[in-house]
Amino acid sequence: MVAFGLLVIFVVIPIWVPGHQEGNYGLRAQDAPYLTMIVATGLAAVFFIRRLFVDKDGGEPAPIPRESWVFLGVVAAVLIATLVLLEYIGILAGGPFVVAVLMVMMGERRPIPIAVTAIVAPLLVWAFFWKLLQFPLP
Amino acid sequence: MLDMVLTGLGQAFTIYNMLMICLGVFIGIAVGAIPGLNGPMAIAIAVPLTFFMGPLTAIAFLVGINKGANFGGAISACLINIPGAAEAISTTFDGYPLTRKGKGLKALKMALYSSVYGDFFSDIVLICVAAPFAILALNMGSAELFALMLFALTFIAALVGRSVVKGLIAAVLGIFLSTVGLDSEASTPRMTFGEIELEDGVSLLALVIGMLALSEILIQVEANWHNRKEGPGSGGDGIYKRSPNRDDNVVTWQEWKECFRTIMRSSAIGTVIGAIPGLGSTLAGFLGYGAAKRASKTPEEFGQGKLEGVAAAEAANSATVGANLIPTLALGIPGNLSAAVLLGALIIHGLTPGPLIFQQHGTTIYGLFGAMLVANFINLFIGQGGLRFFAWVITLPRQYVHPVIVLMCFCGAYVTTQSMFALGLMVGFGLLGYIMRKLDYSIVAFIIAFILGPMTEDALRQTMVLFGNQPEMLLRRPIAILFFILTAISIWRFSKAKPQILQEPT
């Protein structure tokens, strides 16, 4: 968090927020991003130092365990694959994919309930948004 | 004035609005009854459904969901001892023991009646107080507004969770993220990275759906993925059975009379707690329950299946629903997470909450008040008629419900902007929300700060322009000084309070 804060303060804001200002009064567009990120980085530094020297044995919740990172990687891959399917094929491909994969991840192993849910749910959602509300879906 | 009120009420009482409120209440109760799903999540997912509705219908529909979800949480709390939402935790204390005695339906009915009463009471207070409050607030300029926003931001301290530092980091990052996009004064692009779609800022809906709904579902998917569910999490375990004895399935007039004093007391407690931004309905439920126990002649019966305990908890947590909208509508300060999401929905529908809302959109707001009163009765009828159905809903396996909700998240985020960019943002915020929940960073503080951030910055920048870069001029404005003093008191108060008591679970 501290490294991210420093990166934003010294690289991102100077490049992506113009510093010039028309007129001679008021706050600059850069001021709020700078102020908030400096405060966030300062707080993160306080937290880091406290963890390092004061609360060595914890007091704070344990960091994310390894299996949760594995889960996060898998679920991120599933969600990104869903985005790709939605972008290039559409809801009627991306929908069944995400529903089926998540059902399997949640422990459902019977093929018929998975197939029925994965096909019927996206169809209903598509019909509701596209046919009933006239909202285009990807 | 009277014309405005009558026109507003007239607009509320149309068949179409009633139907949408019914739908909202029904969805709210069903969602609220399912453990792990809650009102703010349902409102966030439902906001895109309101794009084809007028502002009044849309907000009435969302308020219906909010009211329904508030009662819905009590269903699983009473029947399977798992609160559908955090505010129903105190309902489990006596609701579940009553169910174990075969009086589940009686407990549910008392929860419904007291919930509707508490909600109705706070709606009346809202209607009486909000407009005068806004008239007072009309005397405020940008300097006073800035001081007020500073005061409002201190209430985030109540939502920071177990770690104050982490909570403050989350809040400050929320404000930082709100600066992305064209700045309101000079239209200078800030951190848009050349993306045109970021020029309007980060999509509020993508952020809310991702952080509230998707991240919560991911946490629950993970629980099943690691096969470490606790308790009867995937649904009912057969404990809900109807007793053949009629008295066990209804609330008698005598029981209602015995509980009425408690319901009145809890409604007042919930209304006061709800009107103070940041304190939350969970705290109201605990305080209402605690007050009933202290006032009771038989406090030892609480926790053993006492009907009064259910009434106390439900009346108190439901009384925050209307009261939360007092600061939301009159000052633009969301009272809790549901109010924050509703605030976002109001803005999306062109209604900017704050002191001017009664002048600019008075008819719609009085229409909303009418719709809220109607929603209470609809909540009563739908709740009463559908108790057994909703009891069945909580038995639906999560592995069917949650994947479909993820699909709804995708659709909801897409219809806002019709762009894949919003979907990418929603997924990104879902993953970020998952990490924040795991690391115990407050999502609530992040979202509320994201909403309040731009208002605070705009007010400060206007003030600086107005005062010619002389901030000391702020000290010549008495109302601003009052809010600065309140801000100092608020910081002092929250720094003394125990974070776990004030924590608003997400």
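**Figure 1. Helix α14 of chain B.** Helix α14 (residues 337–348) of chain B has 12 residues and spans 17 Å from its first C-alpha to its last, close to the 16 Å expected at 1.5 Å a residue. The expected span of a helix is 1.5 Å times one less than its number of residues. Helices (H or I, at least four residues) and strands (E, at least two) are DSSP runs, numbered from the N terminus. The model is predicted: local features need pLDDT of at least 70, side-chain atom pairs count only at pLDDT 80 or more, and totals for chains, interfaces and linings use all residues. Residues are numbered from 1 along each chain as its sequence is written, while chains are lettered from A and ligands numbered from 1 in the order in which they are written. α14(B) is mostly covered, with 10 of its 12 residues buried. A residue is buried if 20 or more other C-beta atoms lie within 10 Å of its own, exposed if 12 or fewer, and partly exposed in between, with C-beta atoms placed from the backbone. The buried residues of α14(B) include B:Leu337, B:Ser338, B:Val341, B:Gly344 and B:Leu346. Just after α14(B), B:Gly350 takes a positive phi of about 85°.

**Figure 2. B:Thr364 in helix α16 of chain B.** B:Thr364 lies in helix α16 (residues 362–385) of chain B. B:Thr364 has 25 other C-beta atoms within 10 Å, so it is buried. Leaving out residues up to four places away in sequence, B:Thr364 touches B:Gly8, B:Pro55, B:Leu56 and B:Leu351. Two residues are in contact if their C-beta atoms, placed from the backbone, lie within 7 Å. B:Thr7 is 357 residues from B:Thr364 along the chain, and the C-alpha atoms of these two residues are separated by 8.8 Å. α16(B) itself has 24 residues and reaches 34 Å from its first C-alpha to its last, close to the 34 Å expected at 1.5 Å a residue. Because 17 of the 24 residues of α16(B) are buried, this helix is largely enclosed by the rest of the structure.

**Figure 3. Packing of α9 against α20 in chain B.** Helix α9 (residues 204–225) and helix α20 (residues 443–466) of chain B pack at an angle of about 170°, with their axes 11 Å apart. α9(B) is therefore roughly antiparallel to α20(B). Axes are lines fitted to C-alpha atoms, for helices over the stretch in contact, and angles run from 0 to 180 degrees between N-to-C directions. Angles under 35 degrees count as roughly parallel, over 145 as roughly antiparallel, 65 to 115 as roughly perpendicular and the rest as oblique. On α9(B) the contact is made by B:Leu207, B:Val208, B:Met211 and B:Leu212, and on α20(B) by B:Ile443, B:Ile447 and B:Phe450. By class, this contact has 7 nonpolar, no polar and no charged residues. Ala, Val, Leu, Ile, Met, Phe, Trp, Tyr, Cys and Pro count as nonpolar, Asp, Glu, Lys and Arg as charged, and the others, Gly among them, as polar.

**Figure 4. The largest nonpolar core.** This core has 206 residues, and those with the most contacts inside it are B:Leu62, B:Ile209, B:Cys409 and B:Met426. A nonpolar core is a set of buried Ala, Val, Leu, Ile, Met, Phe, Trp, Tyr and Cys residues joined through C-beta atoms within 7 Å. Helix α6 (residues 104–137) of chain B gives the most to the core, with 17 residues. Apart from neighbours within four places in sequence, B:Met426 is in contact with B:Ala206, B:Ile209, B:Gly210, B:Leu214, B:Cys409 and B:Ala413. In chain B, 63% of the 506 residues count as buried.

**Figure 5. Two loop residues of chain B with positive phi.** B:Phe193 sits in the loop between β2 (189–190) and α9 of chain B. B:Phe193 has a positive phi of about 50° although it is not a glycine. B:Phe193 is exposed, with 10 other C-beta atoms within 10 Å. B:Asp440 is in the loop between α19 (420–438) and α20 of chain B. B:Asp440, not a glycine either, has a positive phi of about 70°. B:Asp440 has 15 C-beta neighbours inside 10 Å and so counts as partly exposed.

**Figure 6. The side of chain A that touches chain B.** In this interface, 53 residues of chain A are in contact with 55 residues of chain B. α1 (2–16), α2 (31–54), α3 (66–88), α4 (91–105) and α5 (111–132) of chain A each supply at least two residues of that side of chain A. The largest share, 11 residues, comes from α3(A). By class, the side of chain A that touches chain B has 41 nonpolar, 7 polar and 5 charged residues. Chain A has 5 helices and 0 strands, and 30% of its 138 residues count as buried.
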